[in-house]
Amino acid sequence: MKWQRGYESNDVEDNRGRSAFGGGGVGMLGPALAIGSRFGLPGIAIALAAFFLLPRLMGGGGDESARSLAPQERSQSVSAGDEQKQFVSFVFDDAQRTWAEAFAANQKPYSKAKLVLFTGSTPTACGNGSAGVGPFYCPPDQRVYIDLSFYQELARRFGAPGDFAQAYVIAHELGHHVQNLLGIEKGVRRAHGPTEGADSNSVKLELQADCFAGIWARSSQKRDLLEPGDIEEGLAAAAAVGDDRLQKQATGTVQPETWTHGSAAQRASWFKRGYGSGSMSDCDTFEGRL
Ligand SMILES: [Zn+2]
C-alpha cells in the first residue's frame with residue numbers, strides 16, 4: 001500500500017505499556033460480541049465487536065500471544081512499533097475520511113471514532129478488553145482497540161502477512177463504527193434470535209463489517225493507494241480469520257453452530273463484494289430483515 005510515512009493522527013490514542021488490571025475480562029465472557037439478551041443486563045455492559053474469539057477456542061488467556069513471543073521478537077516489535085503506529089494512523093484516518101464523505105453525500109452526520117493502541121489489556125466502556133480476542137470495537141465509547149502484536153500473529157500464526165492485511169483489520173473495525181452510527185449495531189442488539197451460529201445476527205454483522213472494509217479498499221484504489229497484491233492480502237486476511245479456519249486450526253473440527261464471524265469463504269467474499277461494488281446497499285447481509 002502506498003501510505004505516508006511519518007504520519008500522525010489526532011484520533012489515535014497511544015496507551016501502550018499501560019495495562020489494565022485483571023486478566024480475562026472480555027475474553028471470559030464468551031461471545032465477545034454481546035447481542036440480544038447478553039446486552040443491557042445490570043453489570044454486564046459489554047458490547048464488543050471482537051475480531052475473533054480465540055481464547056474461547058484455544059482455552060487460553062488473553063496474554064498468551066504476548067508471552068509466546070521470544071525476547072528478541074519483543075524488542076523488534078518495540079522498535080518497529082512506531083512505523084506500525086504511523087501505518088495504522090494513516091489507514092484509520094484515510095478510512096474515516098472516506099466514510100465521512102460517504103455520510104455527507106447521504107446527508108448523514110459522521111462522528112469520528114478513536115483508535116486506541118494498547119498492550120495486553122485495556123479498560124474500555126465495554127469492560128476490560130484483552131488482546132487475546134484480537135482487535136475490537138466498543139460501541140459505547142466509539143473506539144477501536146488494537147494491540148499491535150496482533151499483526152505478528154496474523155502474519156505468522158494465521159498466515160496473512162502484508163500491509164494491506166493489516167489495513168483490512170483496521171477497516172473492518174471501523175466498519176463496526178459505521179454500523180454503530182447507522183443504528184445497525186443497536187438493531188442487532190434488539191433483535192431476537194441465536195447469538196451464534198452460521199445464520200446468527202452476529203455473523204451477519206461481522207460479514208457486513210468485512211463488506212464495509214471492501215468499500216474502503218475500493219475507495220483507496222480509486223485514490224491510487226494500492227499496490228499489486230494488496231487486495232489479495234486483504235482477501236487472505238479476511239479468510240484467515242474465518243471461523244472455520246480458526247476452529248480447524250485450534251481444535252481440528254468445524255462447528256458452524258458456534259460461529260460468530262462467518263467462514264473463511266464468506267468473509268473473503270463479502271470483502272470482495274464491498275470492493276467490487278463500493279456501495280453500502282450491496283452490503284446488506286441482513287437482507288432487509290433488521
Ligand atoms: Zn468484527
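1. Let's start with an arginine: Arg16 is partly exposed at 28% relative accessibility. On the scale used here, buried means under 20% relative accessible area, exposed over 50%, and partly exposed in between (1.4 Å probe, protein chains only). Its partner in a salt bridge is Asp82, with N to O at 3.7 Å; a salt bridge is a side-chain nitrogen of Lys or Arg within 4 Å of a carboxyl oxygen of Asp or Glu. The two come from distant parts of the chain, 66 residues apart: Asp82 sits in helix α4, and Arg16 in the loop between β1 and β2 (49–50). Asp82 is also partly exposed, with a relative accessible area of 46%. Both residues belong to a salt-bridge network that links Asp14, Arg16, Asp82 and Lys85.

2. A word on the model before going on. This is a predicted model, in which local features need pLDDT of at least 70 and side-chain atom pairs count only at pLDDT 80 or more, while totals for chains, interfaces and linings use all residues. Residues are numbered from 1 along each chain as its sequence is written, and side-chain values use heavy atoms, with hydrogens and water left out.

3. Now the whole chain. The secondary structure comes to eleven helices and seven strands; helices (H or I, at least four residues) and strands (E, at least two) are DSSP runs, numbered from the N terminus. Of the 290 residues, 53% are buried. Among contacts (heavy atoms within 4.5 Å) between residues at least 6 apart in sequence, 76% join residues at least 24 apart.

4. Next, the zinc ion. His172 (NE2), His176 (NE2) and Glu206 (OE) coordinate the zinc ion at 1.9 to 2.1 Å. Donors are N, O and S atoms within 2.8 Å of the metal (3.2 Å for Na, K and Ca); water is not among the atoms, so sites may look incomplete. Along the chain, the donors follow the spacing H-x3-H-x29-E. Because His172 and His176 are four residues apart in helix α6 (residues 163–181), about one helical turn separates them. His172 and His176 are both buried.

5. The interior is worth a look too. A nonpolar core is a set of buried Ala, Val, Leu, Ile, Met, Phe, Trp, Tyr and Cys residues joined through side-chain atoms within 4.5 Å. The largest one has 59 residues, and Met1, Leu115, Tyr151, Leu154 and Phe164 have the most contacts inside it. Helix α6 supplies the largest share of this core, nine residues. Leaving aside neighbours within four places in sequence, the contacts of Met1 include Phe87, Phe90, Phe164 and Trp216. A second, separate core of eight residues includes Val116, Cys126, Phe136 and Cys138.

6. Back to charged pairs: the structure holds 13 salt bridges. In one of them, Lys112 pairs with Asp11, and the closest N and O atoms are 2.9 Å apart. This pair spans 101 residues, with Lys112 in the loop between α4 and β3 and Asp11 in the segment before β1 (12–14). Which end is buried and which is exposed? Lys112 is exposed at 52% relative accessibility, whereas Asp11 is buried at 7%.

7. Arg189 and Glu185 meet in a salt bridge at 2.9 Å, N to O. Both lie in helix α7 (residues 184–190), four residues apart, about one turn of the helix. Arg189 is buried at a relative accessible area of 19%, and Glu185 is buried at 7%.
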